[in-house]
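Hi,

Here is the structure I promised to pass on. Have a look at it first, and then read my notes below.

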Amino acid sequence: KMRGRKLGILHVFRDVTRERELDRREREFLAEVTHELRTPLTSIKGYADLLIAEELSPEEQRECLEIIQRSAARMTTLINDLIDLSRLELGQVSFHISFVNVSKLIHLVTESLRLQFQEKQQKLTLSLPNNLPPVWADPDRLTQVFTNLLVNAHRYTPAGGKIAVRAGQDGDRVRIQFIDNGIGISAEDQVHLFSKFFRVRSQSIANIQGSGLGLAITHSLIERLGGTITLDSTLGVGSTFTVTLPTAPPQPIPQP
Ligand code: ADP
């Protein structure tokens, strides 16, 4: 009887600490969100005030309006990412799963980013075998994942750099690698890379804007699709993100 009671107390104690931990994480998350939103909002207010209070030349007015426009766009991206992530975490995102041709999808995504790569004189190579089996996934969600990984490779690789996409079959999975010879990620930072709002603090990316939500969303999407994502990176050398996806539905379809 005594032992039963003691166990009971232990159980309650553990529940409370878990709740506190969740509470703490939620508060931290809220603090980060508000901070991230306040920065562009401060610019919008500041430049709007300036436009109203000062006699500015048409060029100066235009400059103010462009900053306001950029800041508003940044808030929109941030809010859209936040909505995406919370809907994913709440299980409110519906997936439309079908057989997807990975090579075709990679071609579509890279085509839509071609100009961005060109502007930075980055060389993009694709190694996609012809006999790659289709994956069992949601094509729109996969487009989102591939776009995020390629845009990151583009942004965190200096001008003139190289980016490659390689795919291959690995048993009952397809493996897709996004390889860049960019700035790389240190071992300490790699641990946090898929966490919400995590961005590497370094001089080299101080002027690259981002929410730090992209990889958290990507990770969550891949997990929901029954896939995996791993990272192999060396600071100053480059990064390789490896995604694997199932080629067949998890449950075999019964034959009639
Ligand atoms: P964002 O790019 O919006 O900051 P992400 O979640 O997509 O957010 O990425 C988180 C961080 O991971 C980035 O801020 C960057 O520091 C680092 N990172 C992501 N991809 C790469 C890459 N290919 N090379 C180097 N660093 C990267």
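Let's start with Gln121, which sits in the loop between α3 (102–119) and β2 (123–127). Helices here are DSSP runs of H or I with at least four residues, strands are runs of E with at least two, and both are numbered from the N terminus. Gln121 has a phi near 50°, which is a positive value in a residue other than glycine. With a relative accessible area of 57%, Gln121 is exposed; the cut-offs are over 50% for exposed, under 20% for buried and in between for partly exposed, using a 1.4 Å probe and protein chains only.

Before you go further, keep in mind that this is a predicted model, where local features need pLDDT of at least 70, side-chain atom pairs count only at pLDDT 80 or more, and totals for chains, interfaces and linings use all residues. Residues are numbered from 1 along each chain as its sequence is written, and side-chain values use heavy atoms, with hydrogens and water left out.

Now the overall picture. The protein has six helices and seven strands, and along the sequence they follow the pattern α-α-β-α-β-β-α-β-β-α-α-β-β. It has 256 residues, of which 37% count as buried. Take the contacts (heavy atoms within 4.5 Å) between residues at least 6 apart in sequence: 71% of them join residues at least 24 apart.

Next, the aromatic rings. A search of the whole structure turns up four aromatic pairs. Rings of Phe, Tyr and Trp (its six-membered ring) pair if their centres lie within 6.5 Å; planes under 30 degrees apart are stacked, over 60 edge-to-face, and the rest tilted. One of the pairs is Phe29 with Phe197: the centres are 5.5 Å apart and the planes are at 45°, so this pair is tilted. Phe29 belongs to helix α1 (residues 2–53) and Phe197 to the loop between α5 (187–190) and α6 (214–224), so the pair ties together parts 168 residues apart in sequence. Phe29 is partly exposed at 24% relative accessibility, while Phe197 is buried at 9%. Phe197 also has a positive phi of about 65°, although it is not a glycine.

What lies over the face of Phe29? That is Lys196, at 4.4 Å from the ring centre. (A charge sits over a ring if NZ of Lys or CZ of Arg is within 6 Å of the ring centre and within 35 degrees of the ring normal.)

Another of the pairs is Phe99 with Trp136. Their ring centres are 4.6 Å apart with planes at 55°, so this pair is tilted. Phe99 is in strand β1 (residues 98–100) and Trp136 in strand β3 (residues 135–137), so the pair links parts 37 residues apart in sequence. Phe99 is partly exposed at 48%, and Trp136 is partly exposed at 22%.

Last, the ligand. 22 residues surround it, and the closest are Tyr156, Asp180, Arg199, Ser211 and Leu215; a residue counts if one of its heavy atoms lies within 4 Å. α4 (139–155), α6 and β7 (238–246) each supply at least two residues of this shell, and α4 gives the most, with four. A polar side-chain atom of Asn152 lies 2.9 Å from an oxygen atom of the ligand.

Cheers

Definitions and conventions. Polar contact = N/O pair within 3.5 Å; in protein donor to acceptor, adjacent residues only side chain to side chain.
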